[in-house]
Amino acid sequence: MNVGYKEIYIRYRHQILEGRLKPGDRVPAIRVLASELQVARKTVEAAYEILIGEGYFVSQGAKGTRVNPALNLGEAALITTAPPSTRLEHPVIESKGELRLGIPALDEFPHKKWLLISGKAARTLRPDEMIMPAIMGYPPLREAIASYLNISRGLNCQPEQIFITTGYRANLRLILAVLAHPHDKVLFEDPGYFFGQKLLKRIAPNLHYVPVDRDGVDVDFLQRYHADARFAVVTPTHQSPLAVTLSLPRKHQLLEWAQQNSSWIIEDDYDGEFHYTRKVIPALKSLDVHDRVIYTGTFSKTIMPAMRVGYLVMPQETVERFRELGEILETGMPLLPQKILAQFLSEGHFYRHIKKMRILYQQRRRMMLDALQHCFPQLFEFELTDGGMHIVAFLRLGIQDVALAEIWQRHQLRVLPLSGWYTQTQKRYGLVVGYTNIRSYEQAVGLLEQVVEETGALLR
């Protein structure tokens with residue numbers, strides 16, 4: 001039986017709470033326990049990190065790891081922190097491991113250039129910039145983003161239409177806070193980005209779903225059943241997670257619906273920069289002659305998730321409303337990251353980085369596809385699209401993608417089950433696999449070979 005870090009965590013926690021392990025007791029070294037359980041050292045390390053973080057263990061360097069001598073078992077028994085779920089119906093992106101989704105190629109990031117710009121931004125910080133940052137964002141950054149979007153994504157926006165936020169979820173919250181009434185109908189793609197689903201279930205009580213097929217979101221279905229909707233949240237360039245592109249007829253159909261019904265389309269262009277087999281597809285917003293599309297984006301996929309910088313393009317008629325509510329809800333993003341990012345864009349480094357990443361990701365996707373087909377020649381089928389940052393490996397037979405993802409996760413392969421992205425009963429099954437940090441075909445094969453035997457046993 002294979003043991004994952006969650007099982008190790010639970011075992012030790014129970015032994016401590018039940019008194020079988022007492023404060024000060026020494027526990028096996030990571031290397032020793034990994035050998036005994038026949039698991040990777042990383043698996044034991046992950047469990048120990050959680051136990052240390054929750055105060056059950058303390059690391060004493062050369063003296064090893066012990067149950068926390070200061071632990072009061074009476075208090076410990078009252079700890080209600082639950083271990084990570086052992087099921088994956090509600091996916092969570094792990095911070096460690098391989099094949100993670102949405103993480104750019106960190107090994108190819110221009111660190112030296114970024115550090116130089118960061119130092120310059122810090123040294124040139126003026127006294128007047130040390131007060132309160134601008135609510136809607138640092139003006140040079142708004143100018144740089146507007147210029148980038150107009151050139152690279154086909155938009156026609158002005159700097160005053162850019163609102164700087166902390167990312168995707170902040171974009172959704174702000175848009176609905178400014179423009180929505182309590183019971184407005186909000187539409188979301190099915191399948192769709194699970195963090196978006198979770199957030200909207202909390203802040204949009206009248207939430208409904210529209211299916212996605214090989215041409216993107218089904219606008220006929222939308223018009224037939226939800227023509228009265230006030231908002232539609234879509235990923236038209238590269239649908240999340242199916243990776244399909246909304247067809248041109250459907251784009252026009254969706255825009256016409258929004259115009260006729262005075263509705264809003266929230267366009268999440270989360271990785272629209274990454275298209276490989278033809279020229280970059282313009283954003284839906286580039287076709288929006290009636291200003292009914294609210295364009296949103298972040299730098300999490302293009303630079304680094306830790307930046308926590310996103311933005312939205314406000315329709316002209318709504319700018320003042322965003323400004324007024326922004327002064328109440330927002331306190332302005334920290335200035336220094338905005339200054340660094342503004343210079344990174346305005347000096348052309350961002351353009352060069354994106355161009356390099358397009359070539360790199362195309363190569364790495366090919367490596368990952370070849371490795372999947374080599375290790376699992378009959379298990380998966382693929383519907384290749386023009387780009388993106390992940391692969392959907394559809395199961396040819398069966399619906400056991402949750403159990404399959406659990407096996408891969410136990411080996412630190414952070415894939416997610418496709419069925420977990422759906423909300424309705426009609427689902428497709430497979431694994432959503434990130435590839436952006438795969439450096440070689442050999443590395444990809446080596447990772448997958450860890451799970452070949454268990455995968456075959458599950459699906460026989």
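A: By class, 6 nonpolar, 3 polar and 2 charged residues make up the lining of the largest cavity. Here Ala, Val, Leu, Ile, Met, Phe, Trp, Tyr, Cys and Pro count as nonpolar, Asp, Glu, Lys and Arg as charged, and the others, Gly among them, as polar. The model is predicted: local features need pLDDT of at least 70, side-chain atom pairs count only at pLDDT 80 or more, and totals for chains, interfaces and linings use all residues. Residues are numbered from 1 along each chain as its sequence is written, and side-chain values use heavy atoms, with hydrogens and water left out.

The volume of the largest cavity is about 90 Å³. A cavity is a set of points, on a 1 Å grid over the protein atoms alone, where a 1.4 Å probe fits but cannot get out; lining residues have an atom within 4 Å of a point. A volume is the space filled by probe spheres set on the points, which are joined across faces, edges and corners.

Now the lining itself. Leu242, Ala243, Arg365, Phe382, Glu383, Leu384, Thr385, Gly387, His390, Ile391 and Val392 line the largest cavity. Strand β13 (residues 390-395) gives the most, with 3 residues. Strands (E, at least two residues) are DSSP runs, numbered from the N terminus.

For context, the count is 3 cavities of 30 Å³ or more.

Technical notes:
1 Å grid on protein atoms, 1.4 Å probe; cavity = no way out; pocket = protein on both sides within 12 Å on 5 of 7 lines; lining within 4 Å. Helix = DSSP H or I, 4+ residues; strand = E, 2+ residues; numbered from the N terminus.
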